[in-house]
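User: I'm new to this one and would like to learn how to read it. Could you walk me through it, one feature at a time?

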Amino acid sequence: MRSHRSLVPVLGWCAATATSVALASVAMLPVLRAATSDESAVVSVDQLRDSGAIAPSPLPGSPPAASPEPGTSTTPSRTRTAKPGATPTRTSATPSARTTPPAQTTTTTEDGWTVTTDGAGDRTFVRSFRVDGGQAVIRVTEGEVRVVTATPSDGYSVATVQNSPDNLAVYFNEVNHSFVIHVVWNVDRPFAEVTEIGQ
């Protein structure tokens, strides 16, 4: 009797549990039907592959798909269009400056002097003097007298005396006898004088 009485609560608990499961299944049946998708909406794997949603897996032995090279962009490039109204700037080449030919020099003769005039108008006077005591070449510019050469004759010696840049004397000397060539700058031209001293 005790064993039968002890089974009564267990059987009652099992019956209540089975009843609650059955009721829950009946209550959830409409929800499960609504949540189940229609068979027509099911898409197969082949259909997904054909539509491009799934990339096909490469076959064994086939080469892998080419990947873009490093540094290359797969995004399309954008081309810039010129703004309306913008005109290209032109660089005008400046003509090269014409080189003026150098002014020519002229040569004339004036009172025994050979006069050379350059492009700037500056004049140079050159003259050769010959006396019994020797020969001298003198060059004169404005305010300046210079000896180019002075060569004495046999038995004579040569000496120059210049007190200032524009005053020069050339002496050809022998015993008690001299020839003097004296040249000075006088205003705008040279002045020359040859004298003999002694015998």
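Analyst: Let's start with burial. Phe125 and Trp185 are both buried; buried means under 20% relative accessible area, exposed means over 50%, and partly exposed lies in between, using a 1.4 Å probe and protein chains only. Keep in mind that this is a predicted model, where local features need pLDDT of at least 70 and side-chain atom pairs count only at pLDDT 80 or more, while totals for chains, interfaces and linings use all residues. Residues are numbered from 1 along each chain as its sequence is written, and side-chain values use heavy atoms, leaving out hydrogens and water.

User: How many aromatic pairs does a search of the whole structure find?

Analyst: Here's the general idea: rings of Phe, Tyr and Trp (its six-membered ring) pair if their centres lie within 6.5 Å, and planes under 30 degrees apart count as stacked, over 60 as edge-to-face, and the rest as tilted. In this structure, the search turns up four aromatic pairs. One of them joins Trp113 and Phe129 edge-to-face, with 5.9 Å between centres and 75° between the planes. Trp113 sits in strand β2 (residues 113-117) and Phe129 in strand β3 (residues 123-131), so this pair links parts of the chain 16 residues apart. As for burial, Trp113 and Phe129 are both buried.
Another edge-to-face pair is Phe125 with Trp185, at 6.0 Å centre to centre and 65° between the planes. Phe125 belongs to strand β3 and Trp185 to strand β8 (residues 177-186), so the pair ties together parts 60 residues apart in sequence.

User: You keep using strand names. What's behind them, and what does Thr141 touch?

Analyst: Helices (H or I, at least four residues) and strands (E, at least two) are DSSP runs, numbered from the N terminus. Thr141 is placed in strand β4 (residues 134-141). Leaving aside residues up to four places away in sequence, Thr141 touches Arg123, Thr124 and Trp185, where contact means heavy atoms within 4.5 Å. Thr141 counts as buried because its relative accessibility is 17%.

User: Which residues have the most contacts inside the largest nonpolar core?

Analyst: A nonpolar core is a set of buried Ala, Val, Leu, Ile, Met, Phe, Trp, Tyr and Cys residues joined through side-chain atoms within 4.5 Å. The largest one here has 17 residues, and Trp113, Ile138, Val140, Val170, Phe172, Ile181 and Val183 have the most contacts inside it. Two or more residues each come from β2, β3, β4, β7 (167-174) and β8. With four residues, β8 gives the largest share of this core.

User: Last one: how many salt bridges does the structure hold?

Analyst: A salt bridge puts a side-chain nitrogen of Lys or Arg within 4 Å of a carboxyl oxygen of Asp or Glu. There are three in this structure. In one, Glu110 meets Arg189, with the closest N and O atoms 2.3 Å apart. Glu110 lies in strand β1 (residues 106-110) and Arg189 in strand β9 (residues 189-198), 79 residues apart. Arg189 also bridges to Asp188 at 3.5 Å, N to O, and together Glu110, Asp188 and Arg189 are linked in a network of salt bridges. Arg146 and Glu144 meet in a salt bridge at 3.1 Å.

User: Are Glu110 and Arg189 buried, partly exposed or exposed?

Analyst: Glu110 is partly exposed, with a relative accessible area of 24%, and Arg189 counts as partly exposed at 31%.
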